[in-house]
Amino acid sequence: MCDTFLEAVKGNIVTMEFDAIVNAANSSLLGGGGVDGAIHRAAGPELVHECRLLGGCKTGQAKVTKGYNLKAEWIIHTVGPVWRGGEKGESSQLTQCYENSLCCALEKKACSVAFPAISTGRFGYPLEKAAKTAAHTTAEFVWRNPSQFSRIAFVCFDEAANSAFDCALEELA
Ligand code: AR6
């Protein structure tokens, strides 16, 4: 039993009012395209200055910065796996992204967390598989850490992602 509300919502993660938002970054942590580019643009130039001090991030790991101009207090930067057919450890690396991001949220006492669909854009991870891994990993983490989070959202940029995450969350019930 836990009191955490898990949901899929359609929208732009940079506008979300959560304690922490997660960035689908690359290992340099110095910005890029997709959600990473949108977060850096919205947070402002101070973000990349703090990121430079972090010394990069390995696939599956996560590092935290302040949110700067975002409504979110924290940005949790994680590096998802590049999809290489599914036999190269992609699933366990994606699981680590969600677990390590939630560990960072716990450390910062962030009660509400918004995730993008990590790896499903430029990194090519199949959407349905990614949504299942995200939903299962997050639900298990919440189950192991009851009462730590009030709300965790999977922010979907389009209809396809929204329905994949809705299905994955329904399967948990
Ligand atoms: N809000 C929510 N979701 C978004 C947004 C947004 N503003 N913009 C894109 N998405 P991607 P990846 C969705 O490519 O696959 C970057 O260049 C998008 O539709 O941003 O992990 C990094 O620097 C997709 O569903 O991240 C890395 O080099 C999801 O976010 C690389 O891309 C992830 O797409 C990381 O690739």
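The questions and answers below go through the sheet, the helices, the ligand site and a salt bridge of a predicted model.

User: In what order do the 6 strands of the open sheet stand?
Analyst: Strands of a sheet pair through backbone hydrogen bonds, either parallel or antiparallel. Here the pairing is mixed and the sheet is open. Read across the sheet, the order is S1-S6-S5-S2-S4-S3.

User: Which strands stand at the edges?
Analyst: The sheet order begins with S1 and ends with S3. Each of these two has a single partner strand, so one side of each is left without a neighbour in the sheet. From one strand to the next, the twist averages 25 degrees. The edge strands are S1 (5-10) and S3 (62-66).

User: Which residue in S4 does Lys63 stand opposite?
Analyst: Strand S3 covers residues 62-66, and S4 covers residues 74-79. The two run antiparallel and are joined by 5 bridges. Opposite Lys63 stands His77.

User: At about what angle does helix H4 run to S6?
Analyst: Helix H4 takes up residues 127-144 and lies across S1 and S6. Another helix, H1 (residues 34-43), lies across S2 and S4 and runs at about 130 degrees to S2. For H4 and S6, the angle is about 170 degrees.

User: How much of the ligand's accessible area does the protein cover?
Analyst: There are 19 residues around the ligand, and Asn12, Asn26, Gly33, Val35 and Asp36 come nearest. Asn26 has a polar side-chain atom 2.7 Å from an oxygen atom of the ligand, and Asp36 has one at 2.7 Å from a ligand oxygen atom. Phe123 places a backbone N or O atom 3.1 Å from an oxygen atom of the ligand. On its own the ligand has 710 Å² of accessible area, and the protein covers 92%.

User: How far apart in sequence are the parts that Glu7 and Arg151 tie together?
Analyst: Side chains of opposite charge can pair when their charged atoms come close. The whole structure holds 3 salt bridges. In the one between Glu7 and Arg151, the closest N and O atoms are 2.5 Å apart. Glu7 lies in strand S1 and Arg151 in strand S6, so the parts they tie together are apart in sequence by 144 residues.

Conventions. Residues are numbered from 1 along each chain as its sequence is written. This is a predicted model: local features need pLDDT of at least 70, side-chain atom pairs count only at pLDDT 80 or more; totals for chains, interfaces and linings use all residues. Side-chain values use heavy atoms; hydrogens and water are left out. Two strands pair if DSSP finds at least two bridges between them. Helices (H or I, at least four residues) and strands (E, at least two) are DSSP runs, numbered from the N terminus. Axes are lines fitted to C-alpha atoms, for helices over the stretch in contact, and angles run from 0 to 180 degrees between N-to-C directions. Contact means heavy atoms within 4.5 Å. A residue is near a molecule or strand if one of its heavy atoms lies within 4 Å of it. A polar contact is a pair of N or O atoms within 3.5 Å; within protein, one must be able to donate a hydrogen and the other to accept it, and residues adjacent in sequence count only if both atoms are side-chain atoms. Accessible areas come from the Shrake-Rupley method with a 1.4 Å probe; for residues, only the protein chains shown count as cover. A salt bridge is a side-chain nitrogen of Lys or Arg within 4 Å of a carboxyl oxygen of Asp or Glu.
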